[in-house]
Amino acid sequence: MEVKSRAPGKIILSGEHAVVHGSTAVASSIDLYTYVSLRFSTPSDDQDSLKLQLKETALEFSWPITRIRASFPQLSSTPTSCSVENAKAIAALVQDLNIPEANFGLASGVSAFLWLYSSIQGFKPATVLVTSELPLGSGLGSSASFCVALAAALLAYTDSVSFHVNHQGWLSFGEKDLELVNQWAFEGEKIIHGKPSGIDNTVSAYGNIISFKLGSLTHMKSSVPLKMLITNTKVGRNTKALVAGVGERMLRHPDIMAFVFSAVDSLSNELTSILKSPTPDELSVTEKEQKIEELMEMNEGLLQSMGVSHATIQTVLQTTLKYKLASKLTGAGGGGCVLTLLPTLLSGTVVDKVVAELESCGFQCFIAGIGGGGVEINFGVSS
Ligand SMILES: Nc1ncnc2c1ncn2[C@@H]1O[C@H](COP(=O)(O)OP(=O)(O)O)[C@@H](O)[C@H]1O
Ligand SMILES: C[C@@](O)(CCOP(=O)(O)O)CC(=O)O
Ligand SMILES: [Mg+2]
């Protein structure tokens with residue numbers, strides 16, 4: 001019995017961090033995925049353990065099922081936050097793995113895995129293989145796509161799940177089941193991020209472009225092509241620490257930060273109406289692109305005032321500005337990835353020049369497809 005799932009990463013077009021404090025944010029799925037293959041052991045495998053293989057790092061972790069069973073005497077089968085007691089049990093299971101120092105960031109992902117696996121599937125021996133096309137810890141939502149793909153694979157075998165056929169053996173979940181995948185993924189994100197808003201797991205589960213505010217969401221199809229250059233500064237950072245840093249700044253300057261978050265809310269609402277309004281209407285694509293560029297610049301300024309920029313992000317901003325292109329960081333900031341809008345009428349020569357200049361700084365540039373579908377599963381492929 002084997003199932004494979006895939007869940008997309010994301011870019012945040014406006015509103016990161018402020019969304020954690022109740023502002024609206026706009027995000028889109030991208031066509032880079034995390035894949036999870038789940039295979040339950042059969043009696044002939046003679047395997048009484050749970051194995052987790054992380055392909056990119058070539059790491060493999062394994063726990064005897066008896067040990068996992070003893071760690072979680074009581075678990076709820078509906079989406080539940082990990083209690084302090086269970087978090088301690090998970091910490092003990094992870095500590096014994098001796099994860100190499102260079103990969104220590106994976107500990108929170110492994111913890112989320114243990115929580116989701118045990119809660120959803122209980123104590124069945126299995127092998128889970130994870131591969132990802134996303135750079136980890138770069139603002140493209142690898143943590144959320146990991147949790148969504150994991151929750152999807154784990155829920156695929158539960159009774160009464162319904163699917164729609166998509167393409168080439170890939171299936172999508174019915175509405176109710178998709179929301180269950182999303183809720184479990186959110187519980188995983190809590191373990192990795194501490195205080196996530198839920199936007200990343202929601203856009204990874206549902207796909208498309210969404211406008212999101214405290215759990216309420218609007219799906220959209222953009223009326224503007226939205227071609228974004230993604231520049232990875234390759235400076236590693238940790239979303240949990242950056243989100244906590246913004247929270248602390250808010251405690252120090254509550255009145256000022258309330259204005260900043262409110263400005264972001266208005267900005268995301270304006271972006272939502274630009275993206276939703278049909279073209280052609282009173283605004284041409286070029287006029288809409290100019291408005292989006294201005295909103296990106298303003299959002300970047302507000303993100304700087306939250307304290308989540310980085311010297312490398314400033315370098316990307318200054319470089320793209322030389323070519324009259326607008327950029328903003330995406331995701332938690334502090335390094336990670338920066339978005340640059342590539343207007344429809346921009347010549348290929350300019351794109352080549354700006355990419356060459358950014359890459360000469362040691363950054364990595366790419367263009368990802370925006371606004372595709374969300375999580376899918378496949379019962380017919382072997383990894
Ligand atoms: N494929 C994966 N395998 C294991 N853990 C993962 C994977 N993808 C993400 N994670 C977990 O998520 C963390 C990165 O999440 P985060 O700091 O939120 O950055 P982002 O979500 O922007 O990539 C990693 O350090 C790891 O703990
Ligand atoms: C900063 C934040 O808005 C987005 C974080 O995204 P990422 O983990 O950096 O991809 C946090 C959140 O919304 O949960
Ligand atoms: Mg994340």
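Ala, Val, Leu, Ile, Met, Phe, Trp, Tyr, Cys and Pro are counted here as nonpolar, Asp, Glu, Lys and Arg as charged, and the others, Gly among them, as polar. On this basis, the shell around ligand 1 in the predicted model comprises 7 nonpolar, 15 polar and no charged residues. Of the 22 residues around ligand 1, those that come nearest are Gly-105, Gly-109, Ser-142, Ser-143 and Thr-239. Two or more residues of this shell are contributed by each of helix H3 (106–121), strand S5 (126–132), H4 and H5.

The packing of two of these elements was examined further. Helix H4 spans residues 142–155 and helix H5 residues 175–193; their axes lie 8 Å apart and form an angle of about 135 degrees. H4 is therefore oblique to H5, and the crossing in which H4 passes H5 is right-handed. On the H4 side, the contact is made by Ser-143, Ala-144, Cys-147, Val-148, Leu-150, Ala-151, Ala-152 and Leu-155. H5 contributes Asp-177, Leu-180, Val-181, Trp-184, Ala-185, Gly-188, Glu-189, Ile-192 and His-193. The residues of this contact between H4 and H5 comprise 12 nonpolar, 3 polar and 2 charged.

Terms used:
Residues numbered from 1 in each chain as written. Chains lettered and ligands numbered in written order. Predicted model: local features only at pLDDT ≥ 70, side-chain atom pairs only at ≥ 80, totals over all residues. Axes fitted to C-alpha atoms, helices over the stretch in contact; angles between N-to-C directions. Helix = DSSP H or I, 4+ residues; strand = E, 2+ residues; numbered from the N terminus. Parallel < 35°, antiparallel > 145°, perpendicular 65-115°, else oblique. Left-handed = near helix turned anticlockwise from the far one by under 90°. Contact = placed C-beta atoms within 7 Å. Near = placed C-beta within 6 Å.
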